[in-house]
Amino acid sequence: MMKAVRYHEYGDATALTLEEVPVPAPGPGQVLVKVAATSFNPADATLRAGHLREVFPVALPHVPGADVSGTVAALGADVSGPGEGAAVAGFLPLDGDGAAAEYVLAPADLLAPVPDGVDPVGAAALPAVGLTAWQALFEHGGLTAGQRVLVNGAGGGVGGYAVQLAHREGAHVTATASPRSAERVRGLGADEIVDYTQAPVAKAARGPFDLVVNLVPTAPEDTDALAALTADGGTFVTATTEPSTAPGRGVTVTRMVVRSDPAQLATLLGLVAAGDLRITATRRPLPDLPAVHAEADRGALHGKTVITV
């Protein structure tokens with residue numbers, strides 16, 4: 001048996017309970033991971049509330065936690081990859097049981113090795129948000145050195161990595177942040193800070209930008225105003241709201257959804273091991289997960305939260 005946090009029906013944070021459940025056995029192509037940590041992502045709360053049941057239907061009871069880091073405890077059939085005892089991390093499918101448990105089943109081909117020198121608990125803060133940042137900047141945004149990029153929502157989990165990666169690439173980074181997170185965001189590599197609590201971003205940011213990355217749920221008119229900051233022929237990438245109308249001027253608009261990519265995750269973990277990417281996260285124990293969900297629901301959870309198991 002093992003401990004796991006599950007919900008038996010969709011609802012608010014009170015639906016989450018810490019329970020004793022059987023340890024699952026890996027099937028073909030799967031590995032059993034002994035979990036060091038998982039993390040909270042906003043999608044976890046959206047799934048729990050039932051808002052994504054049409055897109056990502058889950059079998060109830062369901063264990064949340066798409067991010068995982070830990071060690072391989074057992075291998076299923078036809079698995080060629082990390083052996084037992086190997087340190088791994090990954091971004092798990094949203095429609096399967098997650099890693100808010102002592103053990104979790106993971107598709108072997110979605111796991112990346114965790115290099116020596118990378119804290120296994122901290123590694124759980126990286127998969128979903130790090131991959132979102134990487135894919136927004138490079139896969140969808142085509143960012144290159146010398147370009148100007150605006151990261152809207154730099155104080156959040158994805159935004160902090162987007163700032164670091166864009167700065168490391170040699171871009172000029174403008175980041176939106178509140179006074180609470182401005183110093184941290186500047187320390188991650190932002191060249192300019194826009195305090196969105198004092199003026200609308202579209203008015204305060206000094207555009208145009210070759211790439212605008214929107215990580216904040218914005219009203220249609222605010223999204224349109226952000227897209228208008230994109231330079232002619234530039235790219236507007238949003239992980240949330242799309243513009244209500246095409247901005248024209250040769251601007252490419254991409255509404256992105258992050259996907260699991262172990263090769264990209266391995267690259268990110270390698271940057272962490274080399275000291276070129278900083279992981280920042282608050283740590284909470286597994287029994288605190290319902291409280292973490294409740295704090296997120298009322299807008300009181302800031303930055304990235306790792307759940308230690």
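In which sense do strand β11 and strand β12 pair, and over how many bridges? In this predicted model, β11 (residues 209-214) and β12 (residues 230-238) run in the parallel sense and are joined over 5 bridges.

View 1. The strands follow the order β10-β9-β8-β11-β12-β13, and their pairing is parallel. The edge positions belong to β10 (192-195) and β13 (252-255), each of which has a single partner strand, so one side of each is left without a neighbour in the sheet. On average, and with direction ignored, neighbouring strands of this sheet are turned by 15° against each other.

View 2. Within the parallel pair of β11 and β12, Asn214 stands opposite Thr238 of β12. Helix α4 (residues 179-187) packs on the sheet where it touches β9 (172-177) and β10, and its direction makes about 160° with that of β9. Helix α6 (residues 220-227), in turn, lies across β8 (148-152), β11 and β12, and runs at about 135° to β12.

**View 3. The packing of helix α2 on helix α3.** Helix α2 (residues 127-140) and helix α3 (residues 157-169) meet at an angle of about 45°, their axes being 8 Å apart, which makes α2 oblique to α3. The crossing of α2 past α3 is right-handed. On the α2 side the contact is made by Val129, Gly130, Thr132, Ala133, Trp134, Leu137 and Phe138, and on the α3 side by Gly157, Val158, Tyr161, Ala162, Leu165, Ala166 and Glu169. By class, the residues of this contact of α2 with α3 comprise 10 nonpolar, 3 polar and 1 charged.

**View 4. The packing of helix α2 on helix α7.** Here α2 packs with helix α7 (residues 262-273) at an angle of about 105°, with 10 Å between their axes, and α2 is therefore roughly perpendicular to α7. Pro127, Gly130, Leu131, Trp134, Gln135 and Glu139 of α2 meet Gln264, Leu265, Thr267, Leu268 and Leu271 of α7. The contact of α2 with α7 divides into 6 nonpolar, 4 polar and 1 charged residues. Gly130 and Trp134 of α2 take part in the contact with α3 and also in that with α7.

**View 5. A salt bridge between Arg6 and Glu19.** The structure holds 10 salt bridges, and one of them joins the side chains of Arg6 and Glu19 at 2.6 Å, N to O. This pair links distant parts of the chain, since Arg6 lies in strand β1 (residues 2-7) and Glu19 in strand β2 (residues 16-21), 13 residues apart.

Methods: Residues numbered from 1 in each chain as written. Predicted model: local features only at pLDDT ≥ 70, side-chain atom pairs only at ≥ 80, totals over all residues. Heavy atoms only, no water. Pairing = 2+ DSSP bridges. Helix = DSSP H or I, 4+ residues; strand = E, 2+ residues; numbered from the N terminus. Axes fitted to C-alpha atoms, helices over the stretch in contact; angles between N-to-C directions. Contact = heavy atoms within 4.5 Å. Parallel < 35°, antiparallel > 145°, perpendicular 65-115°, else oblique. Left-handed = near helix turned anticlockwise from the far one by under 90°. Nonpolar A, V, L, I, M, F, W, Y, C, P; charged D, E, K, R; others polar. Salt bridge = Lys/Arg side-chain N within 4 Å of Asp/Glu carboxyl O.
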